[in-house]
Amino acid sequence: MKIPVRYGRIIKILLIIIVIAIAWALRWRAVTVLPVDYDEDDYLRAAQQYAALIRSGDWTGFTQTNYRPEHPPLAKIIFGVSILSAPEAPLIPDRSSSADPDQTLPKNLLRDARASSAVLGSLEVLLLALVNPLAGLFLAIHTFTIKYTSQVMLEAVPAFTSLAAILCYVRANKRKTRSGNLRGMNTWFILSAVFLGLTAASKYIYCVAGVAILIDWLIWSMEHKNLKRFFLQAFLWGLIAFLIFLLFDPYLWPSPIERLRSSVSFNAAYSTGTHVQEVGYPIWQPLTWLSMSVPWSGNRPAFVVMVDTFITLLAVFGVTRLWKKERLYGIWLGVAMVFLLLWPTKWPQYILTLTAPLSLAAVYGLSALVVEPIKGWLSRRKEKTNRDKKSNLANLRRVLPWLIPGSLFFITMALIPLLFEFGTSLTNLSSASIRDGLHGGILRAIWQGLTGQIEVSQITGRSNQVEFTGLNAFPYLINYISGSGLLFFNIMWTLLSVFLSTGLGLAVALLLWQKGTRFGRIWQALFILPWAIPEYIGALMWFNIFSPEVGWLALAVKRFGPNFPFSFFSGWESSTSFWLIVLLIPAVWYGFPFLMLAASAGLKMIPSDVFDAAAIDGADGWHTLRFITWPLLAPLVIPAIIVRSIFAFNQFYLFRAFFVFDNGTMANLSYEIFYNGQYAISATINMATVLILIGFVVLLNRWSKASEGVNYA
Amino acid sequence: MRKIPFWRQFFTQIVLVVIGLFVILPIWGMTRLALDASLIGRPTEFHLFPKQFSFETLLKVLDKPYQSVNFSVLLKNSLTVSLGAALIAIILGASLAYAFARFRFPGRKPGLFILLLTAILPPIAFLLPLYIFLGVLGIRTTLLGLIIVYAVFGMPFCIWNMRAAFQAVPKELEESAYLDGAGILTTFGYITVPLALPSISVAALIAFLMAYSEFAIGWFFVEKPTTLTIAMAIYAMVQTQYNSGAQPWSYLGSLALIMSLPVVIIFLILQRTLLEKMLFGNPGD
């Protein structure tokens, strides 16, 4: 069935309208419900000043007014316009930017200014929905985006204009390809420069979109061998953007260079200043923000759906497709991400620089993770007939003797416990009710709960009877582990440690595999050692080096002074970023031998004539590795990587040895909670772990199947 | 391929030396602790080599390592538990692995999936159910209880590994044995197992190692000091050290070394087998 183009268009318009309605409704709720946040009083004060200027017609005043001059004034002026209709209120006092949020702001003004934010936020959703309605929906329900485009914050304007700049540029490019050659700047190009200028006049960091445009433009020009023209046009384009920026930043007019310099240098100084340092966010904090929904909420819940974690997750799996299909958005996402990671200030609102491309990536992720597998499954289902069912049954009789002894043990000791664990996660079993639990209370609670005989109870149990809680603990727990950054840390930990140990393991295997490497046997015997040493002992060995005060490193620094190599590691325990590095060292130490063995075993199976052929064809070392060795090796190494990843995700003893209780993996959290007697919550965490790991294994397995297409032929 | 030129050999060896140092460094750090008789309590000075070299603590530990328990008891417990767990995991696992490797039967795919599920479960997930189950059976605080717990941990991995090994045995060999009149068990025992033996031993080694080095879960299954394993004793020492700082670090180092040594030796002997027989197979088929 094919939908006629006309109807398709109508459906799309309908979808866009629905998305806009959702976006507006969610933002309006946030406008009315969210408590006052940091900085809102500052920008409202700025808005009051501008409103006063407009009322009195004092247009020259604009060149002298910019409260909080580190940020350009456009967004603040818009707030000023938005509160014109409200009755005047006394000027909000000047307070330091780190002062606690002032909850006593004038209600009317706050609501009007917030509403203007929400309008622009909804317009941003509209723009994205024009590209893809589903992406618009993701952006509409993204709680961080909702929050910061529903408050008196500077985010709404630049988020909107930067997306507009991108869209105009895309539009301009479409024209370019249609007419075959580039005939100078068209209107859309100029519009994109204008929007970029407006972005700069609202908040500087959103200009990463402009950087993305330039990169895409440069790549395009290189592909079309048109670099000369690129420089000329990009210069013109940048000039327009800059002029627009100047035009909409009247505060700069009296002394442009001086004021521009001071506002830029303020941001640079602020980022390394004490206020930012005190908060102590690690380098990867922006990723942590992305991995959670807004964790702060007032008395009334401001957000109806909180699925930011899933949007980010989908986006992770959609990034490669996004890159292939819509490169510009991929570049945008990448540039913004790199910037956020490098920039020392890590406020949560900064992630709005990339939530638009993130939402688009999530759409591709959804298609990769859900839509395509279902389509594939359906088509395979059609092909499958019920052949050889009979022989299967005959086989069953033959296989039973083999199955029975192992299965008996496996089912009683592994499968039933697994089910039992799941059952426990439906209750609130704790140390208070363990006596009841041991005498059948768990089964009773589950039975009564599932048959609806009793009411669903509270999640943390303190009574001495086991009670049924159903699946209630799951959403609560997902929010907790994503909101505390644990989930993100766990995933990042797995990826980093597996990536590093695979890299080292492969490198060592390749070095040893070269023809004529001396002492290969001895080296290999040495490198295998860490794997033979029990993990906890190995971790203790490293703790013996790194432990504060009595560790080798600390003692060496004490004796030889700070010029001792690696002395920069001392004091690692006070910095979260350093923690990660110090813990990764033993993780790699323990993990790489396994990968080295797997890779060595794989390398032995590759016939050597493949390499002779490559050498004859003139392939150099890197190309041989990239296009011959790795594709042949991958199917043999990937199972080992999967096994290693599972171990890394469940890593336990290492964190235990380093006495890191509040920042380990989910297994550590589960153990701690179990130790403190909340058995049911511990069980829930384990179930969540299993769900995550199943997804992980399925994905990695697909990946390894994709690479299996290469044969030894 | 030609042999590599000198500069490349040189460069390779330099890199290998750096990695070798990285591998050796922490091991040496622990060894130094163990061999230094001058250490009372926690280390206070930096020394690359033992200040007062002696095997004294090492021998003392062999006599009475932790509280009132003899080292021989700890070792005996550790070996009983680890060997027992590895044996159960291998013998019961082998039959399942063979069934999944050779036969196609209804429920095979879900079975494989459940197998995978238990393999990826963090061991902590088994704690509560096994605690209750073994409590009901009345063997929770015995060595047998520990054996069962550790066998459960090791089994899924063993099954995966052995399944891949059995699949690698040529089917034709088994079929020709049938044709010559051998029974299923005979074929399995005389053809399949010997051919897959290296992989089976690797699986056994890993199950052994898992049980040998586990302490956090096993902790809940121990009530008397007479059923402690070495790993648990080390853990207990670390805990008391952190609480009071009284136990000499050299004791800890010695115990850790003594514990690691046998496994290291086994690994070195089995190196070749390990290299060639680490199979995982494809979880998808």
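Reply: Asp39(A) is found in the loop between α1 (5–33) and α2 (40–56) of chain A. Helices (H or I, at least four residues) and strands (E, at least two) are DSSP runs, numbered from the N terminus. This is a predicted model, in which local features need pLDDT of at least 70 and side-chain atom pairs count only at pLDDT 80 or more, while totals for chains, interfaces and linings use all residues. Residues are numbered from 1 along each chain as its sequence is written, and chains are lettered from A and ligands numbered from 1 in the order in which they are written.

Me: Why does Asp39(A) count as buried?

Reply: A residue is buried if 20 or more other C-beta atoms, placed from the backbone, lie within 10 Å of its own, exposed if 12 or fewer, and partly exposed in between. Asp39(A) counts as buried because it has 20 C-beta neighbours inside 10 Å. Its phi is near 75°, a positive value in a residue other than glycine.

Me: Is Arg68(A) buried or partly exposed?

Reply: Arg68(A) is partly exposed, since 17 other C-beta atoms lie within 10 Å. Arg68(A) is located in the loop between α2 and α3 (74–82) of chain A, and has a positive phi of about 60° although it is not a glycine.

Me: How many helices and strands are there in chain A?

Reply: Chain A contains 30 helices and zero strands. The radius of gyration, taken over C-alpha atoms, is compared with a globule rule of 2.2 Å times the number of residues to the power 0.38. For chain A it is 30 Å, close to the 27 Å that the rule gives for 713 residues, so the chain is as compact as a globular protein of that length. Buried residues make up 45% of chain A.

Me: Where is the kink in α25(A)?

Reply: One may compare a helix with its expected span, 1.5 Å times one less than its number of residues. Helix α25 (residues 576–605) of chain A has 30 residues and reaches 43 Å from its first C-alpha to its last, close to the 44 Å expected. The bend at a residue is the angle between axes fitted to the seven residues ending there and the seven starting there. In α25(A), a kink of about 30° lies at Gly591(A), shortly before the proline Pro593(A).

Me: How many residues of chain B are in contact with chain A?

Reply: Two residues are in contact if their C-beta atoms, placed from the backbone, lie within 7 Å. By that rule, 72 residues of chain B touch 81 residues of chain A. Helix α1 (residues 6–35) of chain B supplies the largest share of chain B's side, 14 residues. That side divides into 54 nonpolar, 13 polar and five charged residues; Ala, Val, Leu, Ile, Met, Phe, Trp, Tyr, Cys and Pro count as nonpolar, Asp, Glu, Lys and Arg as charged, and the others, Gly among them, as polar.
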